[in-house]
Amino acid sequence: MYSIETRDLTKSFVLYRGFLDAIRRSGNRDILTTLDKVNIKVREGEVYGLLGPNGAGKSTLIKILCTLILPSEGEAYVNGYDVVKEGQQARESLGFVTTDERSFYWRLSGRENLQFFATLYNLPQSVVRSRTEELLDVVRLKHRADEPFYSYSAGMKQQMAIARGLLNDPAVLFMDEPTRSLDPGAARNLRNFIKEKIVGEKGKTIFISTHQLDEAEELCDRVAILDEGKIKANGSPLELKAGLSQGCTLGDVFSHYTGKASLDEQSTPFPVNIPRQKSRGRGMGRRRGI
Amino acid sequence: MIFEKAFWFIKKGYMLQLSYKFDFFLRLFFMLFNILTYYFIAKLIGDGAAKYLEPYGGDYFSFVLIGMAFSGYLMISLRSFSESVRDEQMMGTLEAMLVTPTSTSSIIALSSLWNFIFASFRVLMYLVIGILLGVDMTRANIGGALLILILTIICFSSIGILSASFIMVFKRGDPINMLLMGTSELFGGVLFPIEVFPSWMQSISHILPITYSVNGMRHALLQGYSLGELAPELLSLVLFSIVLLPLSLFVFERAVLKVKAEGGLVQY
């Protein structure tokens, strides 16, 4: 059994351009396919990276695996649980680290935040207390635990997000661009922390999305290159590079498989090149899943 | 486990409320202003409306105090669930909660708990201030009043859950909330007895649950009606609850599935 497995996983959204479209929805809609028959298999204890530009479908894939969005077609399993039919069991066995620092209550302390979220994981109160203290120790924030969350630095907030992701001692930890809002020094510290503590000491399976090549190369046992909703390549960074000419970089690998100049240049804020099955008019409008 | 979760949601609500102390005292201050306004209006009216107020004990201030206090539950029930969804969406905390094994419906119900406790505190304050200003509740049937209160919360919360379903799907522009908020104060007998209306307007009042709720509460608290005498209001509220509760839970479940498919659960 794999820790994470998807079979022909597809997610499409319907784009509406306004109120009138919602009324006239039949026969007048644009389809935006953000994931197109994605197949991945992640082994237990592996650090698996999802590499792709903004809008490639990385967050959509993670949200489907975390049961926050339903897929349109295909199947997805986390720790053997079907994310659609066995959502609750899947959620019990996974942790999710989001980059959004607003996902905490800013006027509560770090400790209170962790205790609150721990209760939602159905942990008995004695375990809530001990797990919170243990994780504050792990993320080295015990000395600031009673201060309001808003007083923490960006790096500390991200450490707290990781602590929250580990509250239920999950077998699989999903991390959606965990270093996105950090400066290079804080990002390096966080990568070291993930490598030493989460992977080295706790031995978790990690599924990490990133658009930073160095991060993928440094952290991941295997990476998948996701572009325009499709997996373009899959393997260890060494294997992927060895498949091309000697001395090439992961950036070259990305360019080779996607036909795009470099990952950074492709990091546009909107998915402008996503294929549409049917198109009328212009503009992104609002999207609805199907 | 549900009690531990409820405890933490209430604690979170309390701590967040405490961190906005000025807002808390401002609300209490304007509540007092509101009560005093109607106290002096009641003085102005005197016995002038005795004909209409006779079925409710005869005193306008007592009538309007109970109406204002308990219509607060309607407002909280209607708005609380949808506002909880929206507040958590806007704060950015909803996604982090939804990725836990706690179900979406539990999260939304528990998120509203603090609002109901705060509403109950407001009702208590209304009653205490009312008693200090001379409202007579010595004959109150507390058991009957509690029964009406429980049915009121079930009935109004069902409407609130329907309203939250609309908010989740459409984000704004919930017709249930707008319709009931707009009509309840006018037709529900909150500020004046429905007997003032011509008969065709009274028939509108009779299809609104708030009419039975505030009238039942007046009969129980001011006139000390027995459970038998409260039966018309109790049975009406039970009927509303039987229809609205399963309907609202069904609609809410469909709404959650729809927004999960659309990926719009955390959008606002």
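Visitor: What is a nonpolar core, and which residues touch the most other members of the largest one?
Guide: A nonpolar core is a set of buried Ala, Val, Leu, Ile, Met, Phe, Trp, Tyr and Cys residues joined through C-beta atoms within 7 Å. Buried means 20 or more other C-beta atoms within 10 Å of the residue's own, with C-beta atoms placed from the backbone. This is a predicted model: local features need pLDDT of at least 70, side-chain atom pairs count only at pLDDT 80 or more, and totals for chains, interfaces and linings use all residues. Of the 134 residues in the largest core, the ones touching the most other members are Leu65(A), Phe174(A) and Ile66(B).

Visitor: Which element gives the largest share of this core?
Guide: Helices (H or I, at least four residues) and strands (E, at least two) are DSSP runs, numbered from the N terminus. Residues are numbered from 1 along each chain as its sequence is written, and chains are lettered from A and ligands numbered from 1 in the order in which they are written. The largest share is 14 residues, from helix 4 (residues 60-91) of chain B.

Visitor: How many residues of chain B are in contact with chain A?
Guide: Contact means C-beta atoms, placed from the backbone, within 7 Å. Chain A brings 28 residues to this pairing; the number from chain B is 24.

Visitor: Which element gives the most to the side of chain A that touches chain B?
Guide: Helix 3 (87-92), helix 4 (110-120) and strand 11 (286-289) of chain A each give two or more residues. The top contribution is four residues, from helix 4 of chain A.

Visitor: What percentage of chain A counts as buried?
Guide: Chain A has 11 helices and 11 strands. Of its 290 residues, the buried share is 47%.

Definitions and conventions: Buried ≥ 20, exposed ≤ 12 C-beta atoms within 10 Å, placed from the backbone. Contact = placed C-beta atoms within 7 Å.
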